[in-house]
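Try each task before reading its solution.

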Amino acid sequence: MSAEGEPPRGLRAWLDERLGLSALTALAREKTVPLHRHTAWYYLGGMTLFLFTVQVVTGILLLLYYRSSADEAFESVQFIMTRVPFGWLVRSIHSWSANLLVLVALVHMFSVFLLKAYRRPREVTWFTGVLLLFLMLGFGFSGYLLPWNTLAFFATQVGTEVAGAVPVVGRFLLRFLRGGDQVTGGTLTRFYGIHVAVLPALTTLVLAAHLLLVQRHGMSVPESQHAARTGRPARSVPFFPNFLVRDAIGWSAAVGVLAALAALFPWDLGEKADPFAPAPAGIRPEWYFAWMFQTLKWLPAHVLGVEGELVGLFAFGVGGLLLILVPLLDSGGRPGRSHALIVLGWVVVVYAAAATAAVYLNAASG
Amino acid sequence: MRAAAFLLAWATASAYAAEPKPAGTPPPPSACVACHGELDGEALEPVRRAQDDVHFQKGLSCHDCHGGNPAAPSDDMEAAHDERKGWVGKPSRLKVPLLCARCHADPELMKSYNPHTRVDQLAEYRTSVHGKRNAAGDDKAAVCVDCHGVHGIRPVSDPRSFAHPTRLAETCGRCHADSARMDAYGLAVTQYADYKASVHAAALYEKGDLGAPTCNDCHGSHGAVPPGGGSVANVCGSCHGREATLFRETEAKRGLDLDLCIRCVVCHENHAVRPPTADMLGVGPRSTCVTCHAEGDPEYRAAAGMGAAATRLRERLAEATDLLERAERAGMEVSADRFALREAQDQVVEARVLVHSFDEQRFMAAVAAGLEGAEKGVSAGQRAFRELRQRRIGLAVSLVVILAVIVGLALKARELDRGLPPGGVST
């Protein structure tokens with residue numbers, strides 16, 4: 001390594017001249033992470049990114065064997081699980097990691113919400129973060145169908161039916177998602193394309209924007225931890241290597257958890273979907289959609305003369321919009337509005353948890 | 001109430017015409033209904049039941065069976081019961097078959113109601129024990145109305161008909177389970193109770209399988225006779241075709257008339273056909289083979305070998321199934337192996353059918369094929385458990401390595417922090 005101030009030499013100099021590596025190393029040297037009682041929440045973003053990377057790597061490995069037709073999809077996943085060396089491990093990690101990814105992303109988002117890290121000038125960072133969450137849910141929805149098993153087939157049928165109930169564009173949405181009027185092999189091919197091409201492309205763009213903005217603005221320090229409030233000088237640790245080493249501890253632990261889950265609870269393959277069979281009992285979507293599923297079940301057939309399902313969809317739409325607009329709703333620094341927003345956030349979380357629990361308790365009792 | 005509604009409908013229908021009516025339309029009002037509708041008890045019954053009667057629904061009326069004048073004034077019984085108009089009153093039991101056959105044996109007439117309907121019931125009846133006794137003047141022998149009812153006769157396809165498959169055994173049992181009636185003929189009365197305890201009755205009543213046999217499927221309906229010794233295999237073979245074919249093949253191959261000594265009923269009973277169980281084969285206490293074959297006979301040895309082979313196949317299949325089920329519960333993907341095991345399970349069914357060939361070699365070949373599949377299933381199950389153990393060992397090793405990495409990183413983090421001012425860098 002060249003001494004401080006000296007121009008780099010050799011291969012490094014050659015690369016630096018062409019790629020501007022010194023700017024990156026300078027950034028790495030300069031980047032710091034604030035140190036305070038809420039610093040632990042900063043690890044969640046890195047953890048989400050790590051799990052996403054696991055998804056990309058295991059997803060690419062699965063691509064080598066997966067076949068996206070109704071005739072071969074189930075058999076190809078069965079082949080991966082039984083014949084491909086460590087195929088069971090890769091597939092189970094992909095499935096478990098997908099679920100952990102959504103969980104960690106949700107916790108990351110909620111921590112950012114509670115710490116009000118979305119406030120000026122990080123509004124766009126929040127927008128891109130919420131978009132990333134929606135993209136992750138899209139990955140989950142599209143990936144669920146790919147093994148072409150009974151549960152996924154009928155859950156997709158129900159899920160796309162819900163999309164079909166949207167006023168005006170519902171019919172178009174349903175046909176767009178299914179690639180026809182019914183869930184068929186055409187739907188599978190379409191979901192596969194969405195899962196491995198469309199969503200990764202969009203995610204790359206939004207993720208790049210999200211990460212760039214995080215670098216641009218640095219980590220947000222909660223108001224309660226500002227030097228002016230605590231009376232202590234603001235402190236931080238260098239990102240590289242101090243914070244990154246701690247990140248790596250978390251990532252290593254995540255690898256251990258994923259390995260244990262995959263080895264002890266391999267992801268079930270179920271039975272091959274039979275489009276002509278009656279829907280089996282206990283159809284339910286992935287756990288992160290379960291609260292919406294339960295809400296639609298709880299809603300009466302009609303609310304004030306409007307179809308219950310439409311009311312539910314409208315509420316979800318408004319909810320999604322409000323989630324994106326959180327930074328704008330909280331702008332102006334009015335404490336009353338900010339407090340109301342926090343209360344609303346908690347109400348939504350408690351409701352979603354209760355509705356999710358209801359789905360699984362119903363399944364356990366029925 | 002229903003009778004009143006029926007009378008009202010009748011009264012509002014078009015005027016009576018003595019000429020033949022088009023098939024399928026209800027008959028016009030008649031003096032019979034007008035008068036009997038006013039009566040009570042037994043005299044009212046024909047009117048009350050007529051609305052459910054397929055004959056009435058197709059346009060026939062009282063006088064079509066009983067004769068008389070339906071156009072007579074409703075208060076003039078003598079005019080209505082006019083013998084010059086063919087009044088016969090209540091037909092004698094001996095004449096009932098002929099009375100019904102006036103229409104039911106007439107192809108031209110019956111075609112006007114249903115082009116596919118049969119018209120051979122009387123001919124069949126004459127060949128039956130019931131028909132022969134009737135012809136001989138026994139007025140207690142069953143006639144049409146005993147099975148189909150009278151006034152209120154429903155089509156056999158109607159589940160409320162006495163002759164519907166789900167009610168037929170009960171209908172036959174009304175006489176055949178009645179010792180007061182059967183004693184005179186020296187017939188046993190256990191058939192109905194035996195049948196109700198049979199595998200056939202379980203299929204019919206518990207599974208709702210209308211294809212399961214009831215009395216008439218073995219004995220015939222109008223031509224009801226007890227199947228003789230020579231026809232039992234044919235009767236059973238009408239449903240159990242593969243077993244019957246195997247039976248006949250062996251019979252032809254060995255130049256034997258097996259029907260005479262080995263009839264289905266020897267092993268399976270007749271009315272009380274029990275579900276066939278595995279221990280019927282072999283030389284155990286519930287074996288049916290030992291009914292005829294004594295120890296020391298070559299057939300006895302063959303039965304012992306076949307029984308032992310079948311038992312081994314079942315045991316290995318049970319082991320394979322158990323292993324694969326446990327492996328599946330442990331999260332292993334063994335659905336393809338479980339699917340393959342079904343072929344071996346099919347061989348159990350095949351071997352059970354092949355018992356009816358009384359051919360040891362054919363039976364053993366099926367058992368061997370099943371055993372091969374069962375052994376593959378056992379191997380697959382054992383392989384799954386070996387892999388499960390390897391996975392857990394691999395996990396344990398991985399976790400140790402990961403833990404070591406975490407400890408190393410934690411030590412590194414502590415070392416890095418030592419290079420910082422206490423509490424981190426002031427910013």
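**Exercise 1. Find the partner of Asp417(B) in a salt bridge and give the distance between the closest N and O atoms.**

Solution. Start at Asp417(B) in this predicted model and look across to chain A: the partner is Arg246(A). The closest N and O atoms of the pair are 2.3 Å apart. A salt bridge requires such atoms to lie within 4 Å, so the pair at 2.3 Å qualifies. Now check the whole interface of chain B and chain A: the rule finds one salt bridge there.

**Exercise 2. Describe the contact between chain B and chain A: how many residues does each chain give, and what area is buried?**

Solution. First take the residues: chain A gives 26 and chain B gives 26. In chain B, the residues that lose the most area to chain A are Glu333(B), Arg391(B) and Leu395(B), together 25% of what that side buries. Next comes the area: about 2300 Å² is buried between the two chains, and carbon and sulfur atoms give 62% of that.

**Exercise 3. Decide whether Gln78(A) is buried or exposed, and list its contacts beyond its neighbours within four places in sequence.**

Solution. Locate Gln78(A) in helix α4 of chain A, which spans residues 73–82. Its relative accessible area is 14%. Buried means under 20%, so Gln78(A) is buried. Leaving aside neighbours within four places in sequence, Gln78(A) is in contact with Leu269(A) in chain A, and with Glu333(B), Ser335(B) and Ala336(B) in chain B.

**Exercise 4. Classify Leu21(A) and Ile60(A) by their accessibility.**

Solution. Begin with Leu21(A), placed in helix α2 (residues 21–30) of chain A. Its relative accessibility is 27%, so Leu21(A) is partly exposed. Beyond its neighbours within four places in sequence, Leu21(A) is in contact with Leu15(A) and Asp16(A). Move on to Ile60(A), in helix α3 of chain A: at 48% relative accessible area, Ile60(A) is partly exposed.

Ile60(A) also belongs to a nonpolar surface patch, whose members include Val56(A), Tyr65(A), Phe79(A) and Val196(A). Together the patch has about 760 Å² of accessible area. Helix α3 (residues 43–63) of chain A gives the largest share of the patch, five residues.

Note on methods
Residues numbered from 1 in each chain as written. Chains lettered and ligands numbered in written order. Predicted model: local features only at pLDDT ≥ 70, side-chain atom pairs only at ≥ 80, totals over all residues. Heavy atoms only, no water. Helix = DSSP H or I, 4+ residues; strand = E, 2+ residues; numbered from the N terminus. Buried < 20%, exposed > 50% of the residue type's maximum accessible area, 1.4 Å probe, protein only. Contact = heavy atoms within 4.5 Å. Patch = residues over 30% accessible without salt bridge, like charges linked within 9 Å, V, L, I, M, F, W, Y side chains within 5 Å. Areas by Shrake-Rupley, 256 points an atom, 1.4 Å probe, with all protein chains shown as cover. Salt bridge = Lys/Arg side-chain N within 4 Å of Asp/Glu carboxyl O. Buried area = accessible area lost by both parts, 1.4 Å probe.
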